[in-house]
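Subject: Structure handover

Hello,

Here is the structure I said I would pass on. My notes on it follow below.

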Amino acid sequence: MWGPLSRTPGAGGTLFLGIPRGCWSSAHAGLGPGQRRFCPELCQINVRPGFNSSPHPRGLLCGYDLIMSDQIKFIVDNLNKEPFRKNYNLITFDSLEPMQLLQVLNDVLAEIDPKQVVDIREEMPEQTAKRMLSLLGILKYKPPGNATDMSTFRQGLVIGSKPVIYPVLHWLLQRTNELKKRAYLARFLIKLEVPSEFLQDETVADTNKQYEELMEAFKNLHKECEQLKTSGFSTAEIRRDIIAMEEEKDQLIKRVERLKKRVETVQNHQRMLKIARQLRVEKEREEFLAQQKQEQKNQLFHAVQRLQRVQNQLKSMRHAAADAKPESLMKRLEEEIKFNSYMVTEKFPKELESKKKELHFLQKVVSEPAMGHSDLLELESKINEINTQINQLIEKKMMRNEPIEGKLSLYRQQASIISRKKEAKAEELQEAKEKLANLEREVSVKTNQTREFDGTRVLKGDEFKRYVSKLRSKSTVFKKKHQIIAEFKAEFGLLQRTEELLKQRHENIQHQLQTVEEKKGISGYSYTQEELERVSALKTEVDEMKGRTLDDMSEMVKKLNSLVSEKKSALAPVIKELRQLRQKCQELTQECDEKKSQYDSCAAGLESNRSKLEQEVRGLREECLQEESRYHYTNCMIKNLEIQLRRATDEMKAYVSSDQQEKRKAIREQYTKNIAEQENLGKKLREKQKAVRESHGPNMKQAKMWRDFEQLME
């Protein structure tokens, strides 16, 4: 149900579609053809300014229809599988009659609880609804909607309404195994409520108590059974383990007996056994103590690491406190307070509000009752009316074209841009804080690792005392050196003072000399004379340096020329050899490339032949193994047949021979003898039974008389 598009006034480029909340729209920007997305609010599409309003096609897919189609598809897929095998498709399933749909629901319930196997055509509708509702209550099915919709749910279940039965089928088929277990447990765990007036009877109260005890015992046994099922143990594995343990036990008993027999021949074996027992106990104690020592070492190591971390934190805090000023601290705290207040007052409430809206919308979608075609038509008409009203209002607003509203839209855009920038900066600051915390953790880990690599450890006892004595000796040396440095500093101050005094005296003398020169009429004579002397001295030094540098450069040129000529003469034969070797190298590389290509082609052919031969060899080996196994099997069968044949021939010889002893060894004679003995034994037992039956009555009378006589005597 798409309404017409309209452009908002001002510089905006946002179009508002008349799309209802809770629909699936393919009109979102960034989605291709055929793609849809759930639309919780009114859709907005950004287009270029100046877009004219034009009618848009109708036919938007509503979220309710999409959900129902997904449910039907899921139901059909599961009904076509085991154990139902219905062979439905979407069309045939959707075209089922209400009675057929109820029968499908009953079949699903019968799969969960076998007691529900009923043909609903032979049952009254009220009984069917009552039975299904009781089972759904046991299975804890919650119908959509509130308590007032229960009557409509019951009515829909009685008449076989699709909007009522489809969600039930979807819910049942989603969790069939879980519901089977729940239905099985319900037979034993649903308690029968006995009225209090009947519990006054002792027999009824005892029976009820025994019933409750049996129910608790069933719960415990079921829990143990589930734990055993989930533990992964099987009875066959347990039996194999028990058999293996019994065999090991027998072997150990035999071994102990053999060792006892060996030890009994040794002198003082009891004393030695006692000593060995004590040794074993001490070894176990030693292992226990070693384990305790290792645990204490680990605890000490962790404690040292914790102490180092705390010391590092203390140092960093002291450093921060030492470097920080009150103004900087106040500024930093104000910034943190501003950031936290922004997060608490603006960002987090917005996020919380958006999450609440989304949750409320999802709850509304979930709690929405099943809707029919008429309801959808009503909604479509309402949506169309609202869309027309919205478009009329937008057109009126565009006709007014108030300049103040345009200015306000600009200010609103600027405010939204600033708020987005603020949110982005807040997120960047949060990420930077998290990154800083991670880096601080990495720094602490790295410092601990460097300490471990350096080998530093906590000093104890005498080592600590020696360390303290060393520190004391070093402190005395430090004090002496510090005193010497102080003396040097004092002497340096005296020398500085004397230098200043001498400079002042020199300046006074220079001033007096200048006054004298002015009086004599030769002012600047001393200064010019000093300058001339200094310049002449510098000129002589420069001339000497130039001469030295020229000599050095000429010597250097001579040396370089001689070295170049020597190197050329030495490299001439090597260069000739190198030219020849280069030509030879080119020829060899060409030959190598040719040989390599020949080798590659030959290797490829050989590799293909080798793979074929390997396959043939593998096949022949498999045939050889099959023939060997067949050969061994036939040999075993032949041996078994030979043994049976030998036993049969021996039996025939013994049966045919005239010797009575040989005949007695025959199996037939032994069995006939045993049969005769058992028949004689049966005859004797029957005679004995007959005698006992005959004497049973008199003997019982006599026993009763004796008991009566004993009672009389008592």
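What does the accessible surface of the chain come to, and what percentage of it belongs to carbon and sulfur atoms? It comes to about 59500 Å², and 57% of that belongs to carbon and sulfur atoms; the areas come from the Shrake-Rupley method with a 1.4 Å probe, and for residues only the protein chains shown count as cover.

The model is predicted, so local features need pLDDT of at least 70 and side-chain atom pairs count only at pLDDT 80 or more, while totals for chains, interfaces and linings use all residues. Residues are numbered from 1 along each chain as its sequence is written, and side-chain values use heavy atoms, with hydrogens and water left out.

Overall

The chain has 17 helices and five strands, taken as DSSP runs (helices H or I, at least four residues; strands E, at least two) and numbered from the N terminus. Of its 714 residues, 15% are buried (under 20% relative accessible area; exposed is over 50%, partly exposed in between; 1.4 Å probe, protein chains only). Among contacts (heavy atoms within 4.5 Å) with a separation of 6 or more, 60% are between residues 24 or more positions apart.

Leaving aside residues up to four places away in sequence, Leu105 touches Met132, Leu157, Ile165, Val168, Leu169 and Leu172.

Aromatic pairs

The whole structure holds eight aromatic pairs (Phe, Tyr and Trp rings, the six-membered one for Trp, with centres within 6.5 Å; planes under 30 degrees apart are stacked, over 60 edge-to-face, the rest tilted). One of them is the tilted pair of Tyr141 and Phe153, at 6.0 Å centre to centre with 35 degrees between the planes. Tyr141 lies in the loop between H4 (125-138) and H5 (150-159) and Phe153 in H5, so this pair ties together parts twelve residues apart in sequence. Both Tyr141 and Phe153 are buried.

Tyr184 and Phe188 form an edge-to-face pair, because their ring centres are 5.3 Å apart and their planes are at 70 degrees. They are four residues apart in H7 (residues 176-189), which means a separation of about one helical turn. Tyr184 is partly exposed at 36% relative accessibility, and Phe188 is partly exposed with a relative accessible area of 36%. Elsewhere, ring pairs link Tyr88, Phe93 and Tyr166 into a cluster.

The 14 residues of H7 should span 20 Å at 1.5 Å a residue, and its end C-alpha atoms are 19 Å apart, which agrees; the expected span is 1.5 Å times one less than the number of residues. Its buried residues are Thr176, Leu179, Ala183, Leu185 and Ala186. Thr176 has a relative accessible area of 18%, and its side chain reaches the backbone oxygen of Leu172 at 3.2 Å.

Gln155, in H5, is exposed at 53% relative accessibility. The C-alpha atoms of Gln155 and Ala129 are separated by 8.8 Å, and the two residues are 26 apart along the chain.

Regards

Notes: A polar contact is a pair of N or O atoms within 3.5 Å; within protein, one must be able to donate a hydrogen and the other to accept it, and residues adjacent in sequence count only if both atoms are side-chain atoms.
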